[in-house]
Amino acid sequence: MSRLWTSIKKRFSLSYRQKIFLLTSLPLVLAVAAISVMVTVQSRQLAEREIRELESQLIEAKRAELKNYLSLARTAIGSIYGNAAPDDEAAKLQVTQILSAMIYGQDGFFFVYDYDGNNLVSPRQTFLIGKNWKGLSDLNGVPVVDTIIDTARSGGGYHAYDWAKPSTRETARMVTYVIGLQDWKWALGTGIFIDDVLSTVAAAEAEVQARIQKTFVYIVLITSLALFGVFVAGLLLNLRERRLADAKLRALTERIIDTQEEERGRVARELHDSISQILVGVRYTLELAAKRVMCGDPRASESLDKGIGGLTEAIHEVRRISADLRPGVLDDLGLGPALKSLIEEFSRRTGTEVEFKTVVFRNRLDKDAKIALYRIAQEALTNVERHADASHVSIEVFGHRSGATMRITDNGTGIAARPTSENIGGLGLRNMQERIDQLKGTLRVLSSDKGTIIEASVPLTHMLSPEAKPPALKPRKSA
């Protein structure tokens, strides 16, 4: 019996080398198995976060695109709507004609519903026009027209629902941005189909899932190798994953840049289309003038004068839109010269005396702060011109330990609404508040019957250090 037991122990006994291999391999296998599970879980979580961020960025880009389109529409109809009475049917007809002509892309268009639910403008789906669609919902039961009207009543916002694409008549997810023309009780909006975003996200999820599965297979195969081979393969896999992450980050950055360039191109095309109505009118006027000249009609000079007036209006419109979108002097010379140019144009146009005081920042304000302060000054001067009836305006820009401040003062009739950030009345003042909120700054509006003070401050985080300034291609003046 003892001999049998001794024989069994010899047969199943392990050598010292085998024991060492077992002692080193078994913990390694367990560690690799645990690491495999952790890497798979963390990779999936990281990939899901990246996909959600990608989806959020793409949808946010679509939303910004919608705002740009609505801004173009408001620019196109602003002079007509601003000067029209609530019951001016001729102005309403002209506005609907302009909006009906403003189509873009394959499925883009503007729509208008009155607050009773009647469709007034729908150029790509004309069967909607002239009918009441109150209570309309999409296939999922999401209210469409009622929510659009409620959003317009509350000042504007976004709404997503399923809608038939005009080009294919297939139902797809659509995001709309709506504003209210409160004087006319109209809801004006436009929408973008995001099926391309959803398909991109779905493809990214499938790609991530495939990559995670492939990675897991690689890890299982690597664990069957020797200690040194597992270590080397694990190191190479780690480096490979890092390269893949860097490549994906670069591709995402390039995609964002391409999206921005595409959006700029669309904005440029829309700017061209916004003045097409004026140019078409000029063409018809000149053709009429030519016919009258051929017939010896003495009214030919009247037609020529009208055509020249139309061309002048188109030129002014192009210059105004270009300056409103992005004044070149703001990028070239800084905030101070841009404000000075804006003030000179304002004084020349309105005859209002404007006093401008600033200090030399040496281009210390970053790009976001310069754009925000310039737009706030632009909005303020527009309000002064339209509503304040002021004879003197003062603009002062200065820096301090907490950042930079711009103070605009006028001696006009004041603002009727309460001067708090929660109760700022008017679209222009709300735009100021939104711009300054994005910079985490503060906006103070103080108004009385003796005038108005608008004070916009940006924090120190938007002041560049002297060594952080970008190298200038040309001499720059004050910021």
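Me: What volume does the largest cavity have?
Reply: About 70 Å³ in this predicted model. A cavity is a set of points on a 1 Å grid over the protein atoms alone where a 1.4 Å probe fits but cannot get out. Grid points are joined across faces, edges and corners, and the volume is the space filled by probe spheres set on the points.

Me: How many cavities of 30 Å³ or more are there?
Reply: The structure holds 1.

Me: Which residues line the largest cavity?
Reply: F109, F111, Y113, N119, S122, Q125, L128, V144, I148, Y161, W163 and M174. Lining residues have an atom within 4 Å of a point.

Me: What classes are they?
Reply: The lining has 9 nonpolar, 3 polar and no charged residues. Ala, Val, Leu, Ile, Met, Phe, Trp, Tyr, Cys and Pro count as nonpolar, Asp, Glu, Lys and Arg as charged, and the others, Gly among them, as polar.

Me: Which strands each supply at least two lining residues?
Reply: β1 (110-114) and β3 (157-164) do. Strands are DSSP runs of E, at least two residues, and helices are runs of H or I, at least four, both numbered from the N terminus.

Me: What about the protein overall, how many helices and strands?
Reply: 12 helices and 10 strands.

Me: New topic. How many aromatic pairs?
Reply: There are 7. Rings of Phe, Tyr and Trp (its six-membered ring) pair if their centres lie within 6.5 Å; planes under 30 degrees apart count as stacked, over 60 as edge-to-face and the rest as tilted.

Me: Why is the W184 and W186 pair edge-to-face?
Reply: Because the ring planes of W184 and W186 are at 70 degrees, with centres 4.9 Å apart.

Me: Is W184 buried or exposed?
Reply: Buried, at 4% relative accessibility. W186 is buried too, at 5%. Buried means under 20% relative accessible area, exposed over 50%, partly exposed in between (1.4 Å probe, protein chains only).

Me: Which residues do ring pairs link into a cluster?
Reply: Y69, Y104 and F110.

Me: And F346, where is that?
Reply: In helix α10 (residues 335-350). F346 is buried, with a relative accessible area of 1%.

Me: What is F346 in contact with, neighbours within four places aside?
Reply: G351, T352, V354, L381, V384 and E385. Contact means heavy atoms within 4.5 Å.

Technical notes: Residues are numbered from 1 along each chain as its sequence is written. This is a predicted model: local features need pLDDT of at least 70, side-chain atom pairs count only at pLDDT 80 or more; totals for chains, interfaces and linings use all residues. Side-chain values use heavy atoms; hydrogens and water are left out. On a 1 Å grid over the protein atoms alone, a cavity is a set of points where a 1.4 Å probe fits but cannot get out, and a pocket is an open set with protein on both sides within 12 Å along at least five of seven lines; lining residues have an atom within 4 Å of a point.
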